[in-house]
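Trainee: I have this one open for the first time. Can we walk through it?
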Amino acid sequence: MTTFAPKDGEEVSIRPAERADLLAVVRIENDSFSQPWPYDAFEGFLGDPGFLVAEINGKVAGYIVSDVTQQIGRALGHVKDVAVHPDHRGAGVGSALLSRSLGVLAAQGAGTVKLEVRCSNDGAKRLYREFGFEPLRRVPAYYGDGEDAIVMIRKVE
């Protein structure tokens, strides 16, 4: 478990997700996205090193799902989903999750990490740029509602 001190002074701990976290994760997902992942999608990632939750005062405040796949003989990390409870946004929870996730992906051998973000999600794009992600390409109508995605990528040190 890794502990971070976000901006508001509360202690954030990052740990692997457990079955008991799934309902809280799904609630945050539903509060965060117009096309949320279903419960069973998260259930399928239980036990994966890239499924992490952030806790504040014993309650799930956010989560991240990432994994590593082989592409052309190289390990590619993929941040698939990340969200923070509305009450804890802007307090460093997303940064703590992303930081820990990048470490997990690097430990699994990823030399590069990619993610997709809605063109309209300026807050997320700003966070990813702070972590060294650069826009790679635009994917038209990536999301079910027709919005484009920007694929962002960064090298792992």
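Trainee: By class, how many nonpolar, polar and charged residues does the lining of the second largest pocket have?
Mentor: That lining has 6 nonpolar, 3 polar and 4 charged residues. Here Ala, Val, Leu, Ile, Met, Phe, Trp, Tyr, Cys and Pro count as nonpolar, Asp, Glu, Lys and Arg as charged, and the others, Gly among them, as polar. Before going on: this is a predicted model, where local features need pLDDT of at least 70 and side-chain atom pairs count only at pLDDT 80 or more, while totals for chains, interfaces and linings use all residues. Residues are numbered from 1 along each chain as its sequence is written, and side-chain values use heavy atoms, leaving out hydrogens and water.
Trainee: How much space lies in the second largest pocket?
Mentor: About 280 Å³. Of the 13 residues lining the second largest pocket, Gln71, Arg74, Leu76, Thr112 and Ile153 are the closest to its centre. A pocket is an open set of points on a 1 Å grid over the protein atoms alone, where a 1.4 Å probe fits, with protein on both sides within 12 Å along at least five of seven lines; lining residues have an atom within 4 Å of a point. Points are joined across faces, edges and corners, and the volume is the space filled by probe spheres set on them.
Trainee: And the largest pocket, which residues lie nearest its centre?
Mentor: Phe33, Val82, Asn121, Ala124 and Tyr128, out of 34 lining residues. The space there is about 980 Å³.
Trainee: Which strand gives the largest share of that lining?
Mentor: S5, with 7 residues. Helices H1 (22–32) and H3 (93–107) are among the elements that supply at least two residues each. Helices (H or I, at least four residues) and strands (E, at least two) are DSSP runs, numbered from the N terminus.
Trainee: New topic. Where is lysine 125, and is it buried or exposed?
Mentor: Lysine 125 is in helix H4 (residues 122–130). Lysine 125 counts as buried because its relative accessibility is 13%, and buried means under 20% relative accessible area, with a 1.4 Å probe and protein chains only.
Trainee: What does lysine 125 touch?
Mentor: Val117, Arg118, Cys119, Ile150 and Met152, not counting residues up to four places away in sequence. Contact means heavy atoms within 4.5 Å.
Trainee: Why is aspartate 67 called buried?
Mentor: Because its relative accessible area is 17%. Aspartate 67 lies in strand S4 (residues 59–71), and leaving out residues up to four places away in sequence, its contacts include Phe45, His78 and Lys80.

Definitions and conventions:
Buried < 20%, exposed > 50% of the residue type's maximum accessible area, 1.4 Å probe, protein only.
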